[in-house]
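Good morning, and thank you for coming. Please look at the sequence and the model on the screen while I take you through a short tour.

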Amino acid sequence: MAAYKELASVYDELMGEEIYAKFNKIITSMINKYDRTAKSVLELGCGTGNILIPLSKKFETTGLDISKEMLAIARKKDKKSKYIQADMTSFRLNKKFDVILCMYDTINHLKVFDDWQKTFKNTYNHLSEKGLFIFDFNTQAKFDSFKEPKRSWSKLMDTIVLSQTSSRNDLALWDDIILKKKGNMYKMFSDQVVEKTFPLKKVEAALISAGFKVKQIFDENGKGPNKDSRRLFVTCMKELIK
Ligand SMILES: C[S@@+](CC[C@H](N)C(=O)[O-])C[C@H]1O[C@@H](n2cnc3c(N)ncnc32)[C@H](O)[C@@H]1O
């Protein structure tokens, strides 16, 4: 079953708003630092539009996602941005953007490194000259914390979500059981998100080979990459290959 098919309906309630305020601050500061003239923004794996909606006040925004359920919610919430269903490893939009984003460990959803490389190259091809690619990814330190399975539950408006994080081989797994209230009964759905990570050195080499200049990398605490970094934010610029 496709990931996010069932999760889509509870995604916004589960994620909350705090993390998006943090992402927005990082994205805005990177754009202000490296490309003050940017006008257009494309987000790969835009989900329900939480990152694009605030950006749509200032930029011409486009979101791309593989999940039609996530996109349906984004389109309902956001009439300003354009939303497209496509795979980030192979999309062709016949258009260039000043900034391309891939946020909230969306790149980790690609389980083979060849797909990370295809996405980097594809992103490069859709960027205008000196355009920015800003993304984040979960590191091995984060994956290590999944070795011991952890369970939690959230009570939402009409839904209860039972969640488990765990790891299998070198994959990180998020399993959710979603109990939706229908009258005085609960209907059960399940969803699974699977992620994979790769070492920073390998990621940087692939970015450079796609034609990017890596401008800045920092972790969730604003520090340079270190052994405890759980999420790395990477900002790259499109350099023209001569
Ligand atoms: C963790 S969610 C992040 C969504 C959004 N960026 C946010 O911050 O709320 C990951 C998103 O990536 C999408 N996704 C996963 N693989 C994809 C692919 N190959 N191409 C496009 N989107 C993909 C999923 O459907 C999901 O909406």
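Let me begin with how elements are named: helices (H or I, at least four residues) and strands (E, at least two) are DSSP runs, numbered from the N terminus. What we have here is a predicted model, in which local features need pLDDT of at least 70 and side-chain atom pairs count only at pLDDT 80 or more, while totals for chains, interfaces and linings use all residues. Residues are numbered from 1 along each chain as its sequence is written, and side-chain values use heavy atoms, with hydrogens and water left out.

I start with Glu-43, which sits in strand E1, residues 40-44. Is Glu-43 buried or exposed? Glu-43 counts as buried, at 1% relative accessibility; buried means under 20% relative accessible area, exposed over 50%, and partly exposed in between, with a 1.4 Å probe and protein chains only. Contact, as I use the word, means heavy atoms within 4.5 Å. Leaving aside neighbours within four places in sequence, Glu-43 is in contact with Ile-51, Leu-52, Thr-62, Gly-63, Leu-64, Leu-101 and Met-103. Gln-140, by comparison, is 97 residues along the chain from Glu-43, and 24 Å separate their C-alpha atoms.

Met-103 deserves a word of its own. Not counting residues up to four places away in sequence, Met-103 touches Phe-23, Ile-27, Glu-43, Leu-44, Ile-51, Ile-134, Phe-135, Asp-136 and Phe-233.

This leads to the nonpolar cores. A nonpolar core is a set of buried Ala, Val, Leu, Ile, Met, Phe, Trp, Tyr and Cys residues joined through side-chain atoms within 4.5 Å. In soluble globular proteins, nonpolar side chains tend to be buried together. In this model the largest nonpolar core has 36 residues, and those with the most contacts inside it are Ile-51, Val-99, Leu-101, Met-103 and Ile-134. Several elements each supply at least two residues of this core, among them helix H1 (8-15), helix H4 (68-77), strand E5 (127-138) and strand E11 (231-238). Which helix gives the most to this core? That is H2, with six residues. Domain 1 and domain 2 both give residues to this core, so it lies between them. A second, separate core has 31 residues, including Ala-86, Met-88, Leu-110 and Phe-133.

Now to the domains themselves, whose bounds come from an automatic or database domain assignment. Domain 1 comprises 8-139 + 197-238, and domain 2 comprises 142-195. Taken over C-alpha atoms, the centres of domain 1 and domain 2 are separated by 24 Å. To the contact between them, domain 1 contributes 13 residues and domain 2 contributes 15 residues.

Next, helix H4, where we find Met-70. Met-70 counts as buried, at 3% relative accessibility. Outside the four places on either side in sequence, Met-70 is in contact with Tyr-4, Ala-8, Tyr-11, Gly-47, Thr-48 and Asp-65.

Asn-94 is another residue other than glycine with a positive phi, near 55 degrees. Asn-94 belongs to the loop between E3 and E4, and at 82% relative accessibility counts as exposed.

Strand E6, residues 150-155, holds Ser-152. At 43% relative accessibility, Ser-152 counts as partly exposed. Beyond four places in sequence, Ser-152 is in contact with Val-161, Leu-162 and Ser-163. Gln-164 lies twelve residues from Ser-152 along the chain, with 6.5 Å between their C-alpha atoms.

My last topic is the second largest pocket. On a 1 Å grid over the protein atoms alone, a cavity is a set of points where a 1.4 Å probe fits but cannot get out, and a pocket is an open set with protein on both sides within 12 Å along at least five of seven lines; lining residues have an atom within 4 Å of a point. Grid points are joined across faces, edges and corners, and a volume is the space filled by probe spheres set on the points. The second largest pocket holds about 150 Å³ of space. Its lining includes Ser-56, Phe-59, Lys-80 and Phe-97. Strand E2 (60-65) and strand E3 (82-85) each supply at least two residues of this lining, and the largest share, three residues, comes from E2.
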